[in-house]
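This report covers the strand pairing and the chain contacts of the structure shown below.

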Amino acid sequence: MAEKQAQARGLQVNEDRHWQETLWTAQRFAWAAMALLVVLAMLGATGKGGPLATASVKSTGATIEYPRITRWQSADQLSVRLPANASGEVQIELSQPFVELFSIESVEPEPSRMEASGQGHRFAFNVSGGGGQPLIVFHIKASRFAFSRTVTARVGEAAPVEMSLIILP
Amino acid sequence: METVIRGAAIYFFLMLILRASGRRTLAEITPFDFVLLLIIAETTQQALLGEDYSISNAIVLIVTLIGLDIFLSHVMRWWPAAGRLLEGVPTVLVRDGKIDRRALERSRIGEEEILVAARQRQGLENLSQIKHAVLETDSGISIIPKER
């Protein structure tokens, strides 16, 4: 019908203004969705930087900063800030579910000892006192994607702390 | 956040460099221009993606780049001065049959290129048949023939 109308006006073109208006409206919605995604990404909802992407938990003096939202196959880090009075050997245990989700690419500083146990991987570090909070960084990479998973970490003999995280594809 | 910043940085840098290099550069693709284009694509890909091969990264990046493009096209409509800056203004190369040598020289266009456009678009045979020739902002040359 639209074609006939167009022909009647002398221009042979397959115009359908009504449908075009619908498409234009749909485009505006798509733009709004795109803008929303960019804003969410800036806030960190898609991982890699931004306030939502990282979270921290405290475990008797130590602070664990972990990626709350991370991406599959993408480098990220989990850092543990030990209490200022820590010295001697400090152990950090990453639970079995954590080890299943992430491959640990490297640890800074190198742990003096590594152990696998039924609870997960245990890393021992030699810490010398002397002011400031020693920082231990685990460079990790998610090896599968997971929507909402809770894993635990444990510093020394303190109770394990829970970390809930999302790994986007 | 990082992905959006990377995307925006590369977008604006490329925009700046392509504007600075002048309109002709990527307009008529010679084999060498084509190779150059591929090298630019390959180089920016590294800067854009880094080591992150996740789907989320790709989605956020594409949406950022296309979103910026849509946004800037709106900015240029609302604020024409931005359009003059980002897209440039058309250049008259031939006015009333008279060639503007300075315009040709400054925009790095040869007489031959005007003739090519005249032949391809209007089927004209020589310069005397051209009334006006304009280098448009999209890097094409438009030809208005003299009345026969």
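## Terms and basis

Two strands count as paired if DSSP finds at least two bridges between them. Helices (H or I, at least four residues) and strands (E, at least two) are DSSP runs, numbered from the N terminus.

This is a predicted model, in which local features need pLDDT of at least 70, side-chain atom pairs count only at pLDDT 80 or more, and totals for chains, interfaces and linings use all residues. Residues are numbered from 1 along each chain as its sequence is written, while chains are lettered from A and ligands numbered from 1 in the order in which they are written.

## Pairing of β5 in chain A

Strand β5(A), residues 88–95, runs antiparallel to β8(A), residues 120–127, and eight bridges join the two. Within this pair, A:Gln91 lies opposite A:Ala124.

β5(A) also pairs with β10(A), residues 146–155, through three bridges, again in the antiparallel sense. Here A:Ile92 has A:Val155 as its bridge partner.

## The open sheet

Chain A has an open sheet of five strands, ordered β1-β2-β4-β9-β6 with antiparallel pairing. Its edge strands, β1 (54–59) and β6 (102–108), each pair on one side only.

Inside this order, β2(A) (62–67) and β4(A) (75–81) are joined by three bridges, and A:Glu65 stands opposite A:Ser79.

## Contact between the chains

Contact here requires C-beta atoms, placed from the backbone, to lie within 7 Å. By that criterion, 17 residues of chain B touch 20 residues of chain A. On the chain B side, α1 (2–20) and α3 (55–78) each supply at least two residues; the largest share, nine residues, comes from α3(B).

Key. Two residues are in contact if their C-beta atoms, placed from the backbone, lie within 7 Å.
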